Amino acid sequence: MDMLWNGWGDPAKAAPLPGTVTGLLRDLLGVKPRSAPPLALEDIRLPGPTADPAALAALADAVGGEEHLRTDTESRVRHTRGKSTPDLLRLRAGDVSDVPQAVVLPASHDEVLAVLRVCAARGLAVVPFGGGTSVVGGLAPERRPFVALDLRRMNGLTALDPVSRTAVLQAGLRAPEAEALLAGHGFTLGHFPQSFEWATIGGFAAARSSGQASAGYGRFDDMVLGLTLATPEGTVETGRAPRSAAGPDLRQLILGSEGAFGVITSVLVRIRPLPEARHYEGWRFASFDAGAAALRRLAQDGPRPTVLRLSDETETLIGLAQPDAIGAGPAHSDAGCLAITGYEGTAEDTARRREQAAAVLTACGGTPLGAEPGERWAHGRYSAPYLRDSLLDAGAFAETLETAAFWSAVPALYDGVRTALTDTLTRAGTPPLVMCHISHVYENGASLYFTVVSAQGEDPVAHWATAKHAANDAVLAAGGTITHHHGVGTDHRDWYVREAGPLGVAALRAVKRRLDPAGILNPGVLLPTD
């Protein structure tokens, strides 16, 4: 099944907002119903491909025939941009200025190499396409014309080593299918980001994804032991051993490269045995600061749960910590801040860590709420993007951004980003509701994930661009990183350049020139075009 072309995920899972929520949006934020429905797919009109027909024929030959090269309107529209709110609003208005010339579907590493050789020779840019879930402009290159390189045919588990607990997964494999294949052998990857239902293994690696169980399983880049990369100049292979002192680790150069250096075609990953037990529960803290201090205690001194999250007062009050129950209100009158803890592993280990963590959380001022809030979170953990679509349908604007910092910088980062978003959008005439949660924790710091809801106003895309720029500036000013797990894309690129510094950017440009001398790989994403 393909994802909804102008929204998120499975169309059957989209649901209108409850009347209580639409009333709240109207009364609190001045949200007005849309004046017209979004454009239907059949009403989209595209010009025919302007690329050289000989180039398209060569691409078809590279992937085994014309049936694996698509130039129809629906295929091209479905590969236009990603799933950020501005992406969706532009598509709903019929703006397809970023449409690819064609969609190419290779079935092997060698076919990817062949496609890249054709594109380099013919001057066609290439955008690697996995699940299409980018929310940072990662699928809209600055150079035209371009083709979308869809890896969906490369969707296998090609090797599994139960002794070493490793597996080789092809890049186009979607996360649910990867979990199902591994579960058949008694293993799990343990990577469950909000995009889990649609994102792919290659996309996880290309964007340095982080899953909701990262406190226990680690980030995706922690799981990667090796990669295979196809470039216009040939193949790069990494990962001969679990760790090595043989020079700089080339895996780290490829992880997070977002298709700018090459196309990841397969990944060697660490796997874990399927957990015997899973348990999720909720805790209440009187304030965000108190809850953050408790999370820091667990992250630094243990025992560390598999899942560890904390919503601020606003997010807890609205109910966004449990998106499938939005509008129901908090489970208790004195809402405070809701923390979610989760434990996976053997039954004995899970029980031990729960008991020890409960002692720490209680000592830090936490009040146990039992399993019900945790189970509700687990049940609705992938629901927030569907909620975003429902908000757009109701005439609201909703978007997210994320960052990370060392623990000592988290309070200033939290205040700075919230102030930048609130002040900028209020000046634009669309005062927002800004919510936040700690989504990932480490011994030395944490990630902050912000959700912004406002009226759409006259030009919501322009309003958000101004607010996002202000928030990005606030992130760097507070000592945060411009992105923790969404990636750089084009949305964060100029701030990434500031974060990396001139010499660091020059080094990355040198790598790109060697691997991609024609500059065809996702131009303008990650690094500015020359």
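I count two rings of Phe, Tyr or Trp (its six-membered ring) as a pair if their centres lie within 6.5 Å; planes under 30 degrees apart are stacked, over 60 edge-to-face, and the rest tilted. This is a predicted model, where local features need pLDDT of at least 70 and side-chain atom pairs count only at pLDDT 80 or more, while totals for chains, interfaces and linings use all residues. Residues are numbered from 1 along each chain as its sequence is written, and side-chain values use heavy atoms, with hydrogens and water left out.

**Entry 1: aromatic pairs**

I searched the whole structure and got 7 aromatic pairs. I looked up Phe397 and Trp464: the ring centres are 5.6 Å apart and the planes sit at 40 degrees, so this pair is tilted. Phe397 belongs to strand 16 (residues 396-406) and Trp464 to helix 17 (residues 460-477), so the pair ties together parts 67 residues apart in sequence. For the record, helices (H or I, at least four residues) and strands (E, at least two) are DSSP runs numbered from the N terminus.

Phe397 is buried at 2%, and Trp464 is buried at 5%.

Next I checked Tyr414 and Phe450, which make a stacked pair with 6.4 Å between centres and 25 degrees between planes. This one also links distant parts of the chain, 36 residues apart: Tyr414 is in helix 16 (residues 410-427) and Phe450 in strand 18 (residues 445-455). Tyr414 has a relative accessible area of 10%, so I log Tyr414 as buried; Phe450 is buried too, at 0%.

I also noted a cluster of Phe192, Phe196 and Tyr382, linked by ring pairs.

I traced an open sheet of 4 strands in the order 1-2-4-3, with mixed pairing; two strands pair if DSSP finds at least two bridges between them. Which strands are at the edges? Strand 1 (69-70) and strand 3 (125-129) are, each pairing on one side only. Strand 3 runs parallel to strand 4 (residues 146-150), and 5 bridges join them.

Helix 5 lies across strand 2 (102-104), strand 3 and strand 4, at about 175 degrees to strand 4. Axes here are lines fitted to C-alpha atoms, for helices over the stretch in contact (heavy atoms within 4.5 Å), and angles run from 0 to 180 degrees between N-to-C directions.

Helix 5 (residues 109-122) has 14 residues and spans 20 Å from first to last C-alpha, close to the expected 20 Å, which is 1.5 Å times one less than the number of residues. Its buried residues include Val112, Leu116 and Cys119. Just after helix 5, Gly123 has a positive phi of about 75 degrees.

**Entry 2: Ser311**

I found Ser311 in strand 13 (residues 307-311), and Ser311 is buried at 5% relative accessibility. Ala339 is 28 residues away in sequence, but its C-alpha is 6.3 Å from that of Ser311.

**Entry 3: whole chain**

The protein chain holds 19 helices and 18 strands, and 58% of its 530 residues count as buried. Its C-alpha atoms fill a box of roughly 65 × 60 × 45 Å along the principal axes.

Conventions. Buried < 20%, exposed > 50% of the residue type's maximum accessible area, 1.4 Å probe, protein only.
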